[in-house]
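Take a first walk through this protein chain.

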Amino acid sequence: MAELGSKGVTAGKIASNVQKKLTRAQEKVLQKLGKADETKDEQFEQCVQNFNKQLSEGTRLQKDLRTYLASVKAMHEASKKLTECLQEVYEPDWPGRDDTNKIAENNDLLWTDFHQKLVDQALLTMDTYLGQFPDIKSRIAKRGRKLVDYDSARHHFEALQTAKKKDETKIAKAEEELVKAQKVFEEMNVDLQEELPSLWNSRVGFYVNTFQSIAGLEENFHKEMSKLNQNLHDVLLGLDKQYSGNAFPVKAQPRKKTKLFARLRKKMSSDSTPAKANKSPSPPPDGSPITSPETKTVNHELEPSTLEAPGASIPKSPSQPAEAAHAGAEAAGSEAAGGAETSKTEADSGSTSLPAVVVETFPATVNGTVEAGASSERADMPPGFLFKVQAMHDYTATDSDELQLKAGDVVLVIPFENPEEQDEGWLMGVKESDWIQHKELDQCRGVFPENFTERVQ
């Protein structure tokens with residue numbers, strides 16, 4: 001007890017506080033159960049909701065502002081390291097060495113000044129604005145407790161007045177406690193009723209001032225930084241003019257996938273081997289006549305019935321060249337003139353005429369689809385022609401499936417047969433001069449780096 005007394009806390013004070021907490025707890029339970037009415041103030045409750053919203057918004061703004069400042073500081077450090085790197089690589093005998101050092105120094109000062117002004121004009125103001133919320137929040141909570149005390153004192157006084165056996169002494173004491181509780185509550189309530197709406201309305205001016213300050217600081221910073229960047233550009237332009245003969249070489253992006261034509265050639269080689277082996281079949285051991293295997297065209301297959309009848313005409317594709325059609329007509333005429341004698345000779349020899357192979361051409365296609373009504377301009381282009389590019393730099397091929405380019409070469413770009421074969425930054429095409437001369441894709445097409453060219457059509 002002596003120890004409690006020395007600290008200004010008496011046993012009576014502690015007991016009084018404990019009793020208040022018990023009384024408040026009982027009152028809140030009765031109110032929740034509906035056995036005791038609760039003093040309501042809807043206007044004040046709306047003020048409290050606004051206060052909580054304002055506090056939440058301000059806290060978020062403070063957090064985001066600190067993140068922004070951290071980013072500015074990180075950018076300052078990155079910019080500083082970048083300018084330090086330039087100073088290190090800038091050799092003493094190069095023109096503008098002193099200018100680059102001065103620009104680097106001013107760059108550092110500008111970032112430092114920008115960060116400090118943001119702290120002074122935005123962050124500190126933000127901290128001051130939020131500094132008033134904890135005290136008001138504590139007072140709102142205290143007002144709530146005093147309201148419970150007031151309701152409890154009011155209910156106690158009313159209960160004594162309506163009791164069958166009235167005790168005037170107790171009634172008088174209860175009335176005294178009620179007046180005291182009401183006075184404490186109303187004093188706190190009046191103050192908060194004035195402060196909360198005023199605080200709520202102040203947020204508009206605060207937001208305006210804060211963001212105007214940030215916007216103004218950013219504007220000035222970028223203006224000054226723009227001047228420094230222009231100065232640096234001029235210094236580097238002077239360096240470039242003095243050493244203009246040492247142009248920076250343009251390099252192609254590395255190719256990661258398997259080389260296209262190398263794999264195609266390997267596939268073609270493996271496919272052609274069994275075909276050669278079966279070209280001249282051996283006669284059957286029983287001496288029966290050799291019957292030619294079924295011969296297929298690109299899209300058509302000749303039926304045996306079209307070859308057995310004398311004078312049968314050879315089917316012709318709608319796009320078959322005139323020469324092929326004429327040759328087919330002559331062959332049919334010759335066969336008809338021979339008549340039965342020819343048929344008899346073939347029957348006696350036991351041989352069978354080999355089917356004729358139909359040569360068929362195809363209309364121009366783009367990405368695998370027929371391009372109806374293709375213009376005469378595209379008719380002279382390779383199948384699937386997309387657009388033209390012109391080489392801006394020389395490119396030395398490093399693989400057999402790549403195009404060798406000279407500055408000025410025009411390349412006709414075509415799609416990859418398999419899109420998965422295309423590497424990023426590479427195109428497929430054929431040089432226009434090669435296409436005009438040979439009209440052959442297999443021997444002339446190749447891949448080339450896109451950044452060595454520019455589109456011209």
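The model is predicted. Start with the fold as a whole. The chain holds 12 helices and 7 strands. It has 457 residues, and 27% of them count as buried. Its accessible surface is about 30,700 Å². Carbon and sulfur atoms supply 54% of that surface. Next, look at how the chain meets itself. Take the contacts between residues at least 6 apart in sequence: 70% of these join residues at least 24 apart.

Now turn to the charges. How many salt bridges does the chain have? The count comes to 12. One of the pairs is Asp-113 with Lys-117, with N and O 3.3 Å apart. Both residues sit in helix α4, which covers residues 97-131. They are 4 residues apart, or about one turn of the helix. Asp-113 has 37% relative accessibility and counts as partly exposed. Lys-117 is partly exposed too, at 35%.

Glu-158 and Arg-154 are 4 residues apart in helix α5, so about one helical turn lies between them. Glu-158 is partly exposed, with a relative accessible area of 35%. Elsewhere, salt bridges with shared partners link Asp-135, Arg-139 and Glu-195 into one network.

A charged residue can also go without such a partner. Find Lys-431 in strand β5, residues 426-431. Lys-431 is buried yet has no salt bridge. Which side chain of opposite charge is nearest? That is Asp-409, 4.0 Å away. The side chain of Lys-431 does have a polar atom 3.0 Å from the backbone oxygen of Gln-404. Leaving out residues up to four places away in sequence, Lys-431 touches Leu-403, Gln-404, Leu-405, Asp-409, Val-410 and Val-411.

Gly-425 lies in the loop between β4, residues 410-414, and β5. Gly-425 is buried, with a relative accessible area of 18%. What does it touch beyond residues up to four places away in sequence? Its contacts are Gln-253, Phe-448, Pro-449 and Glu-450. Glu-450 is 25 residues from Gly-425 in sequence. In space their C-alpha atoms are 5.5 Å apart.

What about disulfides? A disulfide is a covalent bond between the sulfur atoms of two cysteines. The count here is 0. Compare two cysteines by their cover. Cys-85 is partly exposed, with a relative accessible area of 40%. Cys-444 counts as buried, at 8% relative accessibility.

Next comes a backbone angle. Most residues other than glycine have a negative phi. Lys-439 has a positive value, near 55 degrees. Where does Lys-439 lie? Its place is the loop between α11, residues 432-438, and α12, residues 441-444. Lys-439 is partly exposed, with a relative accessible area of 43%.

End at Asp-98, back in helix α4. Asp-98 has 63% relative accessibility. The cut-off for exposed is over 50%, so Asp-98 counts as exposed. Gln-87 lies 11 residues away from Asp-98 along the chain. Their C-alpha atoms are separated by 9.5 Å.

Conventions
Residues are numbered from 1 along each chain as its sequence is written. This is a predicted model: local features need pLDDT of at least 70, side-chain atom pairs count only at pLDDT 80 or more; totals for chains, interfaces and linings use all residues. Side-chain values use heavy atoms; hydrogens and water are left out. Helices (H or I, at least four residues) and strands (E, at least two) are DSSP runs, numbered from the N terminus. Buried means under 20% relative accessible area, exposed over 50%, partly exposed in between (1.4 Å probe, protein chains only). Lys and Arg count as positive and Asp and Glu as negative; His and the chain ends are not counted. A polar contact is a pair of N or O atoms within 3.5 Å; within protein, one must be able to donate a hydrogen and the other to accept it, and residues adjacent in sequence count only if both atoms are side-chain atoms. Contact means heavy atoms within 4.5 Å. Accessible areas come from the Shrake-Rupley method with a 1.4 Å probe; for residues, only the protein chains shown count as cover. A disulfide is a pair of cysteine sulfur atoms within 2.5 Å.
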